[in-house]
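Subject: Structure for your review

Hello,

Please find the structure below. My notes on it follow.

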Amino acid sequence: MNAPLNPLRPADAPIARVRGLHKSYLLGEVKVPALRGVDVDIPRGCFTVIAGPSGSGKSTLLHLLGCIDRPDAGRIEIDGVSPQTLADDQLSEFRARRIGFVFQSFNLLPVLSAVENVEYAMRLLDPAQGHSPAQRRQRARELLGEVGLGGMEDRRPNQLSGGQRQRVAIARALANRPDLVLADEPTANLDGHTGAEIIALMRRIQRHTGASFIFSSHDAGLIRAADVCIRVADGQIVGASIPEVQHEPA
Ligand SMILES: Nc1ncnc2c1ncn2[C@@H]1O[C@H](COP(=O)(O)OP(=O)(O)OP(=O)(O)O)[C@@H](O)[C@H]1O
Ligand SMILES: [Mg+2]
């Protein structure tokens, strides 16, 4: 885990703090509101789901939290840092170092093997980390082993199933030991069983690393796996809760 930038930050401070967040998209001349004043604190070290119907703003919120896009108005703090105050090159480094992103459609580089896809994320931070190519290869292989892909390191994405591709994407997201892992409907392109396996894998990794995970979903079964559920509708937060623990029948 990286050392916090602000050593005075209390350990229980939220990993993400969002205030008055607005974001619209321009569709020709028409402004489409996606987020309409979002205020939320996302607890540190938890497995959090952002749940809501299609079009409610889940992806928009994750993209803003992941510093992939900038808001029209409002403030975001990730681990006490305001990404909007960073210049573009600082923002790229902050994102590469502190945030891992898992996409619905995997977004692997098709010409690279599984192990090269994972290494690629580490190469973005090369000058600062000073890892040798052999060290990067070693870590990438270890990560692929952790996500259950030992022996498949040299396969390209088109030689892997959807679930296996998403496992590569999870290994890539973890490559730089991020504090925050964001996953935008990581199971949407997978069958129900494979999707449940992917969520169980992320859940296990979250417990093991203590990082904060936020994923979006509208699948009630997957939502139950989360510690914290934040509900969005029509660009606003409409509720936040800790899903009920599922008790085994006596
Ligand atoms: N690039 C875009 N251009 C125009 N409108 C957009 C764009 N991206 C999203 N929107 C609109 O913003 C709103 C929020 O979209 P968003 O993708 O954040 O929803 P979502 O909750 O992720 O939906 P889904 O569950 O279908 O992925 C929707 O009304 C959507 O049509
Ligand atoms: Mg979406």
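How many of the 13 residues of α6 are buried? The count is 11 of the 13, so α6 is largely enclosed by the rest of the structure. A residue is called buried if 20 or more other C-beta atoms lie within 10 Å of its own, exposed if 12 or fewer, and partly exposed in between, with C-beta atoms placed from the backbone. Helices (H or I, at least four residues) and strands (E, at least two) are DSSP runs, numbered from the N terminus.

On provenance: this is a predicted model, in which local features need pLDDT of at least 70 and side-chain atom pairs count only at pLDDT 80 or more, while totals for chains, interfaces and linings use all residues. Residues are numbered from 1 along each chain as its sequence is written, and chains are lettered from A and ligands numbered from 1 in the order in which they are written.

Helix α6

α6 covers residues 162–174. The buried set includes Gln 164, Arg 165, Arg 167, Val 168, Ile 170 and Arg 172. These buried residues of α6 pack against β5 (99–102), α3 (114–123), α5 (133–146), β6 (180–184) and α7.

α6 with α7

The axes of α6 and α7 (residues 192–209) come within 10 Å and cross at roughly 20°. Axes here are lines fitted to C-alpha atoms, for helices over the stretch in contact, and angles run from 0 to 180 degrees between N-to-C directions. The two helices are therefore roughly parallel to each other; angles under 35 degrees count as that, over 145 as roughly antiparallel, 65 to 115 as roughly perpendicular and the rest as oblique. The crossing is right-handed, a crossing being left-handed if the near helix is turned anticlockwise from the far one by less than a right angle, and right-handed if clockwise. Residues on the α6 side include Gly 162, Gly 163 and Gln 166, and those on the α7 side include Thr 194, Glu 197 and Ile 198. Contact means that C-beta atoms, placed from the backbone, lie within 7 Å. By class, this contact of α6 with α7 has 6 nonpolar, 4 polar and 2 charged residues. Ala, Val, Leu, Ile, Met, Phe, Trp, Tyr, Cys and Pro count as nonpolar, Asp, Glu, Lys and Arg as charged, and the others, Gly among them, as polar.

Helix α3

In α3, 7 of the 10 residues are buried, so this helix too is largely enclosed by the rest of the structure. Its cover includes α5 and α6.

α3 and α6 pack at about 25° with axes 8 Å apart, and are therefore roughly parallel to each other. Ala 114, Asn 117, Val 118 and Ala 121 of α3 meet Val 168, Ala 171 and Arg 172 of α6. That contact divides into 5 nonpolar, 1 polar and 1 charged.

Against α5, the α3 angle is about 120° and the axes are 9 Å apart, which makes α3 oblique to α5. The contact of α3 with α5 has 7 nonpolar, no polar and 5 charged residues.

Asn 117

Asn 117 lies in α3 and is buried, with 25 other C-beta atoms within 10 Å. Leaving aside residues up to four places away in sequence, Asn 117 touches Leu 108, Leu 109, Leu 112, Val 168 and Arg 172. The C-alpha atoms of Asn 117 and Val 168 are 7.7 Å apart, although 51 residues separate them along the chain.

Regards

Methods: Contact = placed C-beta atoms within 7 Å.
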